[in-house]
Amino acid sequence: MKKIIHIVGARPNFMKAAPVYFAIRERGKFEQLLVHTGQHYDEKMSDIFFRQLGIPKPDINLEIGSASHAVMTARIMIAFEQVVLDEKPDLVIVYGDVNSTIACAMVAAKLGVKVAHVEAGLRSFDRAMPEELNRMLTDSISDYFFTTSPDADELLAKSGITEGVHFVGNGMIDTLVRLLPEAVKPDIDGVSPDEEKGFALVTLHRPSNVDDAESLSKILSTLRDLSEQMQVIFPIHPRTAARIKELGLETGEILLSGPLGYLEFLWLQKNARMVLTDSGGIQEETTYLGVPCLTLRENTERPITVWEGTNVMIGGDFDLLKQEIAKVISGNSKKGKIPEKWEGKAGERTALVLEDLLL
């Protein structure tokens, strides 16, 4: 029986890998190993996601932990090389665009092992983003490419990649569809989300928003103003929390929490009146859920969420942000539709393609 290794390292990977892992397991044609690099290693960022998503305990945990991009990537490569030498897989599947993705893809490619990239072909065209470099480099050395939307196929073709490209849909949406009935209302420091008046959900973690003092100050000012009209819930990334404290910025009535589990965060997304974010995956999830999404970035590697979904790109235009918030409050926000093949069967399609490729 041929052997496949799945690589996960950070929370977004877990949601993308789960449907592929489950579909392969159900069909029973391959041996599978799940390797967790440990890029996200604390309980809220990792262990709770495995439990809630129903993913089995990783067969191997490299326990790399936090470090600079270069150090983390190097440590993952050194540790994963031994795994490949010991296990002799027929295929390594990498997910998304984190450091674990490119590190393990490079190791496999250099050892002559086929590499499949799930969520291939996405581009923001902003090389200041580490994730963009990871995406570009991973696609350049992969053998098989599983895409979430037709524009990703087109971008791969423009870079000369036309062989081994398979439009299968969005695995993150598979996970969302499967677990949406199990979404759980969170209790945040004894405060429940206000369903009657509605609430806004916020996530921020990108350096362009968090590290820049002026930008972060303006964002928090806008959120404080919004909190006078509705509850604002902000599950805050540790980096963001540290930066707010360092700058001595006021959060006013904004309801802050630590990182939440998948089921709790899914409930918030589903029930929010709007989401303000700089996350890529949340742009996709809100599009499926039909929730207005205001993205605090100058670009997106998921333009289909703008073309077809509920996503509005705000960038650093705070006048536009206030205008779009007003539209949501007045009921005039952008409407969208669910993109093609975002119905919850991407994992099944991926498993079928892998059988054709490897058996």
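Predicted model: local features only at pLDDT ≥ 70, side-chain atom pairs only at ≥ 80, totals over all residues.

Student: What volume does the second largest pocket have?
Tutor: The volume is about 240 Å³. The lining has 13 residues, and those closest to the pocket centre are Pro19, Ala23, Asp174, Gly344 and Glu348.

Student: How does the lining of the second largest pocket split by class?
Tutor: There are 5 nonpolar, 3 polar and 5 charged residues.

Student: Back to α15. Where does that helix lie?
Tutor: Helix α15 covers residues 346-358 and lies across β1 (3-8), β4, β6 and β7. Relative to β6, α15 runs at about 165°.

Student: Now the sheet. What is the strand order?
Tutor: The sheet is open, with 7 strands in the order β3-β2-β1-β4-β5-β6-β7, and the pairing is parallel. β3 (60-61) and β7 (165-167) stand at the edges; each has a single partner strand, so one side of each has no neighbour in the sheet.

Student: How many bridges join β4 to β5?
Tutor: There are 5, between residues 91-95 of β4 and residues 114-118 of β5. Within β5, Val118 is the residue opposite Tyr95.

Student: And which strands does helix α5 touch?
Tutor: Helix α5 (residues 130-141) packs on the sheet and touches β4, β5 and β6 (144-147). The direction of α5 makes about 140° with that of β5.

Conventions:
Residues numbered from 1 in each chain as written. Heavy atoms only, no water. Pairing = 2+ DSSP bridges. Helix = DSSP H or I, 4+ residues; strand = E, 2+ residues; numbered from the N terminus. Contact = heavy atoms within 4.5 Å. Axes fitted to C-alpha atoms, helices over the stretch in contact; angles between N-to-C directions. 1 Å grid on protein atoms, 1.4 Å probe; cavity = no way out; pocket = protein on both sides within 12 Å on 5 of 7 lines; lining within 4 Å. Points joined across faces, edges and corners; volume = space filled by probe spheres on them. Nonpolar A, V, L, I, M, F, W, Y, C, P; charged D, E, K, R; others polar.
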